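Subject: Structure handover

Hello,

Please find the structure below.

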Amino acid sequence: MFLPSDYDGKGMLKPPALFWAVLLLQARTWALFVLAGASREQGEALLALFYPDRAAFWLGLLTGIPAALAFLLSGRRERFPRLWRAWRWVLIATQIWLLALQLFMLMSDEASGAAAAALLAADFFALWWLGFNARLRACFMTQGD
């Protein structure tokens, strides 16, 4: 079903490349925070542009924690197989929360425009992909499954 190149040196199935993009989408506030920190002069202006409301910024950081932990956990999934297997469901729940939050912001006119619509479409796609991609599901299975 999978090619030999799809496995790492430990014999575990490598996550698909799109998995990392979905994690980055979920941790988008963290990515923006790192970019703002890297550009010290414009950092505050950059954060204010995307997050004029400080509460939304802190909420974005909070919702990005599961994706950040997935980045860390992916390298140690053989040591924590039960946690790794359950983490896919944590990521799906986080994606549902992000999607609901994005819909709420669009309906309350806090976010508008093409960028908000693109984020909404990306969130829908990420939720579908996390739920139904066969290779990703296989990646989250432990060797005893």
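A residue is called buried when its relative accessible area is under 20%, exposed when that area is over 50%, and partly exposed in between, using a 1.4 Å probe and protein chains only. On that scale, 34% of the 145 residues of the protein chain count as buried.

Two notes on conventions. This is a predicted model, in which local features need pLDDT of at least 70 and side-chain atom pairs count only at pLDDT 80 or more, while totals for chains, interfaces and linings use all residues. Residues are numbered from 1 along each chain as its sequence is written, and side-chain values use heavy atoms, with hydrogens and water left out.

Overall layout

The protein chain has 8 helices and 0 strands. Helices (H or I, at least four residues) and strands (E, at least two) are DSSP runs, numbered from the N terminus. The C-alpha trace spans about 50 × 35 × 25 Å along its principal axes. The accessible surface of the chain comes to about 8,900 Å², and 70% of that belongs to carbon and sulfur atoms; such areas come from the Shrake-Rupley method with a 1.4 Å probe, and for residues only the protein chains shown count as cover.

A contact means heavy atoms within 4.5 Å. Among contacts in the chain with a separation of 6 or more, 69% are between residues 24 or more positions apart.

Nonpolar cores

A nonpolar core is a set of buried Ala, Val, Leu, Ile, Met, Phe, Trp, Tyr and Cys residues joined through side-chain atoms within 4.5 Å. The largest one has 19 residues, and those with the most contacts inside it are Phe19, Leu23, Trp87, Leu91, Leu130, Leu136 and Phe140. Helices α1, α5, α6, α7 and α8 each supply at least two residues of this core. A second, separate core has 6 residues, including Leu32, Ala36, Leu47 and Tyr51.

Leu130 can also be looked at by itself. Setting aside neighbours within four places in sequence, Leu130 is in contact with Val22, Gln26, Arg88, Leu91, Ile92, Gln95 and Leu136.

Aromatic rings

Rings of Phe, Tyr and Trp (its six-membered ring) pair if their centres lie within 6.5 Å; planes under 30 degrees apart count as stacked, over 60 as edge-to-face and the rest as tilted. By this rule there are 10 aromatic pairs. One of them joins Phe19 and Trp84, edge-to-face, with 6.4 Å from centre to centre and 80 degrees between the planes. Phe19 lies in helix α1 (residues 17-26) and Trp84 in helix α6 (residues 81-107), so this pair ties together parts that are 65 residues apart in sequence. Phe19 is buried, at 0% relative accessibility, and Trp84 is buried as well, at 1%.

Another pair is Trp30 with Phe33: the ring centres are 6.3 Å apart and the planes are at 90 degrees, so the pair is edge-to-face. Trp30 and Phe33 are 3 residues apart in helix α2 (residues 28-38), which separates them by about one helical turn. Trp30 is partly exposed at 32%, and Phe33 is partly exposed at 40%.

Phe19, Trp20, Phe71, Trp84 and Phe140 form one aromatic cluster.

Charged side chains

Side chains of opposite charge can pair when their charged atoms come close. A salt bridge here is a side-chain nitrogen of Lys or Arg within 4 Å of a carboxyl oxygen of Asp or Glu, and the structure holds 5 of them.

- Asp6 and Arg135: the closest N and O atoms are 3.7 Å apart. Asp6 is in the segment before α1 and Arg135 in helix α8 (residues 134-139), 129 residues apart. Asp6 is buried at 15%, whereas Arg135 is partly exposed at 22%.
- Lys10 and Glu78: the closest N and O atoms are 3.2 Å apart. Lys10 lies in the segment before α1 and Glu78 in the loop between α5 and α6, so the pair ties together parts 68 residues apart in sequence. Lys10 is exposed at 53%, and Glu78 is partly exposed at 36%.
- Asp123 and Arg28: the N to O distance is 3.1 Å. Asp123 lies in helix α7 (residues 114-132) and Arg28 in helix α2, so the pair ties together parts 95 residues apart in sequence. Asp123 is buried at 0% relative accessibility.

Regards
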